[in-house]
Amino acid sequence: MESKPVSIYIHFPFCVKKCAYCAFFSVSGGNDEIYDAYTDAVIKRLRSIPRHRVKTVYFGGGTPTVLGAERLCRVLGAVSDTQEVEQDAEITLESNPGTVNSDDFYKLSAAGFNRLSIGLQSADDEALKVLGRIHDLKAFLDCYDGAAKYFSNISTDIIFALPYNRQSGKPSVGLHKTLEILKSIQVPHISAYSLILEENTPLSDYRNQYAFPDENGEEAEYNYICSFLSDSGYGHYEISSFALPGYESRHNIGYWKRESYIGVGPAAHSFYRNRRFSAPPDIGLFIRSADKPFMSDTDFAAAAEITADEAEEERIMLGLRTSDGVKLLGEKLKYAEKLADAGYGTIRDGIFSLNDKGFRVSNFIISGLI
Ligand code: SF4
């Protein structure tokens, strides 16, 4: 067995329907035949990975739950058979309302999944229509009820800076409602992302039909989320991540701490043996090459060894995403002291960490430090 522990990410690139803003690698219109072939390919690929101690496992997508609980349980069984999954490993499953029910949650929990992510995006049904989501608020709440019977560790994603906000500089009614609902059901973990208009998505093609908040409006919404959730008892532990105490995502913390992870599936990224690489975004190729040895279908163009300079840049870039911050020395520490004096964060024992104001302009701050 390899000495270093790893995390495992498995990508499930299937969705019921593509959302209007989505640029992730996923396809709609799958069927049992393709889901079976994909499941078998993932299991074969898992068998080719060297045995490690595994700290966290993450089933992401796409929408993994379109494959159904049985296939997902088979894949998790293969992870346990082929790896030394730690007793208290965090095992997360992404899901979306309308693709999973209470019986499924029972089976998934019994199989070992212990953390669930449910996509809400907004509690405003009009906004959900604009985003092209397949669910409405009621479907989310029903899904959450079913999940909460078997899972105590649940995360949900929300999107802000949505196009229905026509009053620049003021948080929208929809955002307020979204946060109030999540607070009332005490969702333990919330990830909040600003809507990004990706090229070649339907929402981008029709951008002129909607009113989008300007930069000030987007900033006002972000600040509103930060203060609302802080007042509601959530810790802001990463730019986009908020958690009640003890519910921080261990899997994501591993990414930000530059711990090793192995990605399985087309377009899945890995950081392994000091190399970052991803598999080509091609489901057919992944299935056809499932029998090949570990790493043989990876994107070797991106698999160069990380140099010491690159590692240092990553350490700063990823560390400043989190409230733990990053240790700095010399000129960099002096620069950080100026930023702290200007109200963007704090420095303790040479460790610079950003606050909400700093998170908002973290790209600018990071580019000044690397
Ligand atoms: S459910 Fe998620 S991955 Fe699937 S199309 Fe919508 S945004 Fe993309």
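Fifteen residues line the largest cavity of this predicted model, and Arg 45, Gly 263, Val 264, Asp 297 and Thr 298 lie nearest its centre. A cavity is a set of points, on a 1 Å grid over the protein atoms alone, where a 1.4 Å probe fits but cannot get out, and lining residues have an atom within 4 Å of a point. The structure holds one cavity of 30 Å³ or more, and about 110 Å³ of space lies in the largest cavity, a volume being the space filled by probe spheres set on the points, which are joined across faces, edges and corners. Strand 11 (residues 261–264) gives the largest share of this lining, three residues; strands are DSSP runs (E, at least two residues), numbered from the N terminus.

The ligand is surrounded by residues that include Cys 15, Lys 17, Cys 19, Cys 22, Asn 96 and Arg 133, each with a heavy atom within 4 Å of the ligand.

An open sheet of three strands has the order 14-16-15 with antiparallel pairing, where strands pair if DSSP finds at least two bridges between them. Strand 14 (326–327) and strand 15 (345–348) are the edge strands, each pairing on one side only. Two bridges join strand 14 to strand 16 (residues 351–354), and Val 326 stands opposite Phe 352 in strand 16.

Residues are numbered from 1 along each chain as its sequence is written, and side-chain values use heavy atoms, with hydrogens and water left out. In this predicted model, local features need pLDDT of at least 70 and side-chain atom pairs count only at pLDDT 80 or more, whereas totals for chains, interfaces and linings use all residues.

Terms used
1 Å grid on protein atoms, 1.4 Å probe; cavity = no way out; pocket = protein on both sides within 12 Å on 5 of 7 lines; lining within 4 Å. Helix = DSSP H or I, 4+ residues; strand = E, 2+ residues; numbered from the N terminus.
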